Amino acid sequence: GRALEALKSIWLNHPTGVLADDAVMLSAIHYYRTGDYLEAERFFDLLRENYPDSPHAANAYQFGAHVIQLTYQGPQYDGKGLDKASELIKSSLSLFPQEVDNQRLKKSLAHIEHEKARKAWERVQYRLGKGQRNAAEIACVTLLQEFPESQFAPLAEEQMEKLRRRRLEDAGIDPDAEQFDPDLPEYEEAYDDTPGEFLIEDLE
């Protein structure tokens, strides 16, 4: 506790001092080690925003992305953090290609894309569970457009075909005789594995 207070005193009272960025980074490491990933993320954010020229900047990007992934709770929850983590990883690879672990970051990026696709498939399942077939069909199309190479794409294609046939049958149209697929129904959106492994020793 006293150590953290001492670090806080450095970066808060002397934000332009030569030790300020070190104090912020050490605080981030502390919260990372103790499993307080939200607080660690806050300090990595602080370091990136206030000390972009710091020698710790590269780690603030790649470990900032990592702690966000560690706090992700699954496809049933908000996925905005995944978008932020993805952007941080891409920035890491672009800004610090010689300083970051490219292999680990690319693995993390692939994991994020998988989780985003899984969330898109969860949205399809959610709509089906609510009996909202039109919305489910649109969700399938969205998944196929955004994640065509994911393992969920074949599932979305299969489900979309089932929904298409059901939609046409309900309209009195023979789905096997249909020469073209009419426009999808309109629907207003109202949808309320482990990441690439990093070791804290890499910071030291």
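The questions and answers below set features of this predicted model against the definitions behind their names.

In this predicted model, local features need pLDDT of at least 70 and side-chain atom pairs count only at pLDDT 80 or more, while totals for chains, interfaces and linings use all residues. Residues are numbered from 1 along each chain as its sequence is written, and side-chain values use heavy atoms, with hydrogens and water left out.

Q: Why is Arg 48 called buried?
A: Buried means under 20% relative accessible area, exposed means over 50%, and partly exposed lies in between, with a 1.4 Å probe and protein chains only. Arg 48 has 11% relative accessibility, so Arg 48 counts as buried. Arg 48 lies in helix H3, and buried residues make up 43% of the 204 residues in the protein chain.

Q: What does Arg 48 touch, not counting residues up to four places away in sequence?
A: Contact means heavy atoms within 4.5 Å, and on that basis Arg 48 touches Ala 60, Tyr 61, Gly 64, Lys 84 and Leu 88. Arg 48 and Tyr 61 are 13 residues apart in sequence, and their C-alpha atoms are 7.1 Å apart in space.

Q: Why is the pair of Trp 11 and Phe 43 called edge-to-face?
A: Rings of Phe, Tyr and Trp (its six-membered ring) pair if their centres lie within 6.5 Å, and planes under 30 degrees apart count as stacked, over 60 as edge-to-face and the rest as tilted. Trp 11 and Phe 43 are 5.7 Å apart, centre to centre, with 85 degrees between the planes, and they form an edge-to-face pair. Trp 11 lies in helix H1 and Phe 43 in helix H3, so this pair ties together parts that are 32 residues apart in sequence.

Q: What makes the pair of Tyr 61 and Phe 96 tilted?
A: The centres are 5.6 Å apart and the planes of Tyr 61 and Phe 96 stand at 50 degrees, which gives a tilted pair. Tyr 61 lies in helix H4 and Phe 96 in the loop between H5 and helix H6 (102-129), so the pair ties together parts that are 35 residues apart in sequence. Tyr 61 counts as buried because its relative accessibility is 18%, and Phe 96 is buried, with a relative accessible area of 13%.

Q: What makes a set of residues a nonpolar core, and how many residues has the largest one?
A: A nonpolar core is a set of buried Ala, Val, Leu, Ile, Met, Phe, Trp, Tyr and Cys residues joined through side-chain atoms within 4.5 Å. The largest nonpolar core has 20 residues, and those with the most contacts inside it are Trp 11, Val 24, Ala 40, Phe 43, Phe 44 and Leu 47. Helix H1 (2-13), helix H2 (20-33), H3 and H4 each supply at least two residues of this core, and H2 gives the most, with eight residues. Apart from this core lies another, of 16 residues, among them Ile 68, Ala 85, Leu 88 and Leu 105.

Definitions and conventions:
Helices (H or I, at least four residues) and strands (E, at least two) are DSSP runs, numbered from the N terminus.
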